[in-house]
Amino acid sequence: MPTRPHVVILGGGFGGLECAKTLGRADVAITIIDRQNYHCFQPLLYQVATAALSPADVAWPIRHILRRQKNVTVFMTEVTGIDGSGRTVSTKSGSFRFDFLVVATGAIHSYFGHDSWSLVAPGLKRIEDATRIRRSILSSFEQAELAEDEAARGRLLTFVIVGGGPTGVEMAGAIAEVARQTLKRDFRRIDPRDSRIVLIEAGPRILPVFSERHSDYARKTLAAMGVEILTATRVTGCDARGVDLEGARIDAGAVVWAAGVMASPAATWLAAEQDRAGRVIVRSDLSLPGHDDIFVIGDTAAVADAAGRPVPGLAPAAKQMGRYVGRLIGARLDGRKGPPFRYRNEGALATIGRRAAVVELGPIQLKGFAGWLFWSVVHVYFLIGLRNRFVVAVTWFWSYLTFPRGARLITEVPPERLPR
Ligand SMILES: Cc1cc2nc3c(=O)[nH]c(=O)nc-3n(C[C@H](O)[C@H](O)[C@H](O)COP(=O)(O)OP(=O)(O)OC[C@H]3O[C@@H](n4cnc5c(N)ncnc54)[C@H](O)[C@@H]3O)c2cc1C
């Protein structure tokens, strides 16, 4: 058992990892618990789902990232509960006592009470989700090539993306490029360019967190790429053959869910007050009310910025919270108090295909190719490790010139998707 104060961090995502790194020189013993052995760069998962990048380009083993930080021990197991008063975390592999606890278990998809839709409309959160979506999209083209009748072919070449936020827009643009460019010469009986790609958004416009000007630009750019956009349209049902809308039906070969997220069940573990998205309502120092030594950060925490607006579920916000809590724990150990958490808005970015993006970063407002260049540099910069930066930069440069998508492999095909 450690004699130094024991900091247990739940989750090796953006928030948890940043917190551990910030405590790199502190005289504490840190335990990171994550149910997967890797840290995933979620902003580029859609490129794995659409075969532009491979899983290893966007994910790194957590213990490798922290291999030089001697005060950290990493355990791969799933958290199942927290006893705040008893200062204990329960996992599938036993329990861990803590002096300080940092809960950074992120978010999961929300199907708004229709959890069964997840079986047919996968969301994008983990590497497994990305490879499942990739398999589902590529298998649809394969099955369309085998289909004997026009109706079946039409259905299999229809791709529906539910949710017009950045992930939905990025997926729609990337699928359009796969169909119209990458695969255009690969088949004999079908023409992938005939594919129908439909982006469905319940609100009045896509990219609602961006300005109307950029939202409109994204709509026009996607439309020029052949994406149909249905706004103010609610999905009322999802099944293995498509989606139901209010008063309409779209048969589809693959459906991707990008419509909502919900915090991990930390509020339940902690019996804490939560907001509508299940996020734990924390104090201004990100601690749990009544528990000075338990902190909740990142997508799992509900906290307001200086203007009273909720801090968004974004990677920079999670990193800022992780860094803040790391420093606060360090200060507490030195007998000092820390200032309240202050969120610094680092802007919003979204790509539309491989040569356009919108960027809103204070005075930096970009769209089109300039936006895409900015987006690319930022994403390569934030990737972990020189190898990944190099591989991703070269892949993007090559893809900019030629449109290939090298990771077009269909692996682990479930029996119902095997061609008959
Ligand atoms: C597809 C997609 C695209 C995105 N694009 C962008 C973008 O372009 N820009 C941006 O800023 N943000 C983007 N985001 C949001 C950003 O990724 C999140 O805000 C950020 O990851 C939150 O960090 P976090 O540390 O709170 O959680 P995460 O990074 O999600 O980490 C949570 C960790 O907790 C672990 N965990 C969860 N439950 C358990 C459990 N029970 N037991 C053990 N471990 C557990 C998980 O395995 C994971 O490693 C995107 C998110 C998604 C899903």
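Ala, Val, Leu, Ile, Met, Phe, Trp, Tyr, Cys and Pro count here as nonpolar, Asp, Glu, Lys and Arg as charged, and the others, Gly among them, as polar. The model is predicted, and local features need pLDDT of at least 70, side-chain atom pairs count only at pLDDT 80 or more, while totals for chains, interfaces and linings use all residues. Residues are numbered from 1 along each chain as its sequence is written, and side-chain values use heavy atoms, with hydrogens and water left out.

**View 1**
A cavity is a set of points, on a 1 Å grid over the protein atoms alone, where a 1.4 Å probe fits but cannot get out; lining residues have an atom within 4 Å of a point. Grid points are joined across faces, edges and corners, and a volume is the space filled by probe spheres set on the points. By this rule there are two cavities of 30 Å³ or more. The second largest cavity holds about 40 Å³ of space. Its lining consists of Ala-49, Thr-50, Ala-51, Arg-134, Ile-137, Leu-138 and Val-178. By class, five of these residues are nonpolar, one is polar and one is charged. Helix α4 (residues 127-146) gives the largest share of this lining, three residues. Helices (H or I, at least four residues) and strands (E, at least two) are DSSP runs, numbered from the N terminus.

**View 1. The open sheet of six strands.**
Strands of a sheet pair through backbone hydrogen bonds, either parallel or antiparallel. Two strands count as paired if DSSP finds at least two bridges between them. The six strands of this open sheet follow the order β5-β2-β1-β9-β21-β20, with mixed pairing. At the edges are β5 (72-76) and β20 (287-288), each of which pairs on one side only. Strand β1 (residues 6-10) runs parallel to strand β2 (residues 29-34), and five bridges join them. His-6 has Ala-29 of β2 as its bridge partner.

Two helices belong to this view. Helix α1 (residues 14-22) packs on the sheet and touches β1, β2 and β9; contact means heavy atoms within 4.5 Å. The direction of helix α1 makes about 160° with that of β1. Axes are lines fitted to C-alpha atoms, for helices over the stretch in contact, and angles run from 0 to 180 degrees between N-to-C directions. Helix α9 (residues 315-333) also packs on the sheet, touching β1, β9 and β21, and its direction makes about 160° with that of β21.

Strand β9 (residues 100-103) is covered on both faces. Phe-100 and Val-102 are buried on one side, and Leu-101 and Val-103 are buried on the other. Buried means under 20% relative accessible area, exposed over 50%, and partly exposed in between (1.4 Å probe, protein chains only). Strands β1 and β9 run parallel and are joined by four bridges. Ile-9 stands opposite Val-102 of β9. Strand β9 also runs parallel to strand β21 (residues 291-296), with three bridges between them. Here Val-102 stands opposite Phe-295 of β21.

**View 2. The open sheet of three strands.**
This sheet has the order β23-β24-β25, with antiparallel pairing. The edge strands are β23 (348-351) and β25 (364-367), and each pairs on one side only. Neighbouring strands of the sheet are turned by 5° against each other on average, direction ignored. Four bridges join β23 to strand β24 (residues 357-361) in the antiparallel sense. Ala-348 stands opposite Glu-360 in β24. Helix α7 (residues 212-224) packs on this sheet, touching β24 and β25, and its direction makes about 15° with that of β25.

Gly-106 lies in the loop between β9 and β10 (107-109). Gly-106 counts as buried because its relative accessibility is 18%. Neighbours within four places in sequence left aside, Gly-106 is in contact with Ala-263, Ser-264, Asp-299 and Thr-300. From Gly-106 to Gly-330 the separation is 224 residues in sequence and 23 Å in space, C-alpha to C-alpha.

**View 3. Two loop residues with positive phi.**
Phe-112 lies in the loop between β10 and α4. Phi of Phe-112 is near 50°, a positive value in a residue other than glycine. Phe-112 counts as exposed, because its relative accessibility is 53%. Leu-286 is in the loop between β19 (280-281) and β20. Leu-286 is not a glycine either, and has a positive phi of about 65°. With a relative accessible area of 0%, Leu-286 is buried.

Notes
On a 1 Å grid over the protein atoms alone, a cavity is a set of points where a 1.4 Å probe fits but cannot get out, and a pocket is an open set with protein on both sides within 12 Å along at least five of seven lines; lining residues have an atom within 4 Å of a point.
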